[in-house]
Amino acid sequence: MITREKTLSIGKYLVSPLTRRTDSGQYAASVSIRSGSGSSTHDRIFRFVPQFPTRAGASQYATQQGLAWLQATAVA
């Protein structure tokens, strides 16, 4: 089961960290970065390799990675 954590609204983007408990009992992290609306919605999903002992750790990592992606996009 995938759990959506607290979504952040940053400018035109919605950053949604996602966590999932793996078979080993660890937590996997991913993040959704959404922009646009209606038929012009674009959603990027990033899945990460590191696993975490807690859901909070996985969520924090996903949030940090999403914010880093937005920062890199703004600079480019």
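User: Happy to start with I33! Leaving aside its neighbours within four places in sequence, which residues is I33 in contact with?
Analyst: Keep in mind as we go that this is a predicted model. Once the neighbours within four places in sequence are left aside, the contacts of I33 include Y13 and L14, then H42, D43, R44 and F46.

User: Let's look at the strands. How many bridges join β4 to β5?
Analyst: These two strands run antiparallel. As an example of facing residues, S32 stands opposite I45 in β5. In their hairpin, six residues lie between the strands, and G36 takes a positive phi near 85°. The number of bridges joining β4 to β5 is eight.

User: And over how many bridges do β3 and β4 pair?
Analyst: This pairing is in the antiparallel sense too. L18 has S30 in β4 as its bridge partner. The two strands form a hairpin with five residues between them, where G25 in the turn has a positive phi of about 95°. The count of bridges for β3 and β4 is nine.

User: Which residue in the turn between β2 and β3 has a positive phi?
Analyst: Strand β2 (residues 8-10) pairs with β3 in the antiparallel sense over three bridges. Here L8 has V15 in β3 as its bridge partner. The strands form a hairpin with two residues between them, and the turn residue with a positive phi, about 60°, is G11.

User: Now for the rings. How many aromatic pairs does a search of the whole structure find?
Analyst: A pair of aromatic rings is described by the distance of the centres and the angle of the planes. Searching the whole structure in this way gives a total of four.

User: Why is the pair of Y13 and W69 described as it is?
Analyst: The ring centres of Y13 and W69 are 6.2 Å apart. Their planes meet at 85°, and an angle over 60 degrees counts as edge-to-face. The pair is therefore edge-to-face.

User: How many residues apart in sequence are the parts that Y13 and W69 tie together?
Analyst: Y13 lies in strand β3 (residues 13-21), whereas W69 lies in helix α1 (residues 55-75). The pair therefore ties together parts whose separation in sequence is 56 residues.

User: Is W69 buried or partly exposed?
Analyst: Buried means under 20% relative accessible area. Y13, at 17%, counts as buried. W69 has a relative accessibility of 22%, so W69 counts as partly exposed.

User: What about F48: which parts does its pair with Y61 tie together?
Analyst: F48 and Y61 form an edge-to-face pair, 5.4 Å centre to centre and with 85° between the planes. F48 is buried at 19% relative accessibility, while Y61 is partly exposed at 23%. The two lie 13 residues apart in sequence, so the pair ties together strand β5 (residues 42-52) and helix α1.

User: Let's finish with the helix. What distance separates the end C-alpha atoms of α1?
Analyst: α1 has 21 residues. At 1.5 Å a residue, the helix should span 30 Å. The model agrees, because its end C-alpha atoms are separated by 30 Å.

User: Where around α1 do its buried residues sit?
Analyst: The buried residues of α1 are A58, S59, A62, T63, G66 and L70. Their arc around the axis is only 135°, which means they sit on the same side of α1.

Methods. Residues numbered from 1 in each chain as written. Predicted model: local features only at pLDDT ≥ 70, side-chain atom pairs only at ≥ 80, totals over all residues. Heavy atoms only, no water. Phe/Tyr/Trp six-rings, centres within 6.5 Å; stacked < 30°, edge-to-face > 60°. Helix = DSSP H or I, 4+ residues; strand = E, 2+ residues; numbered from the N terminus. Buried < 20%, exposed > 50% of the residue type's maximum accessible area, 1.4 Å probe, protein only. Contact = heavy atoms within 4.5 Å. Pairing = 2+ DSSP bridges. Expected span 1.5 Å × (residues − 1). Arc of directions from axis to C-beta.
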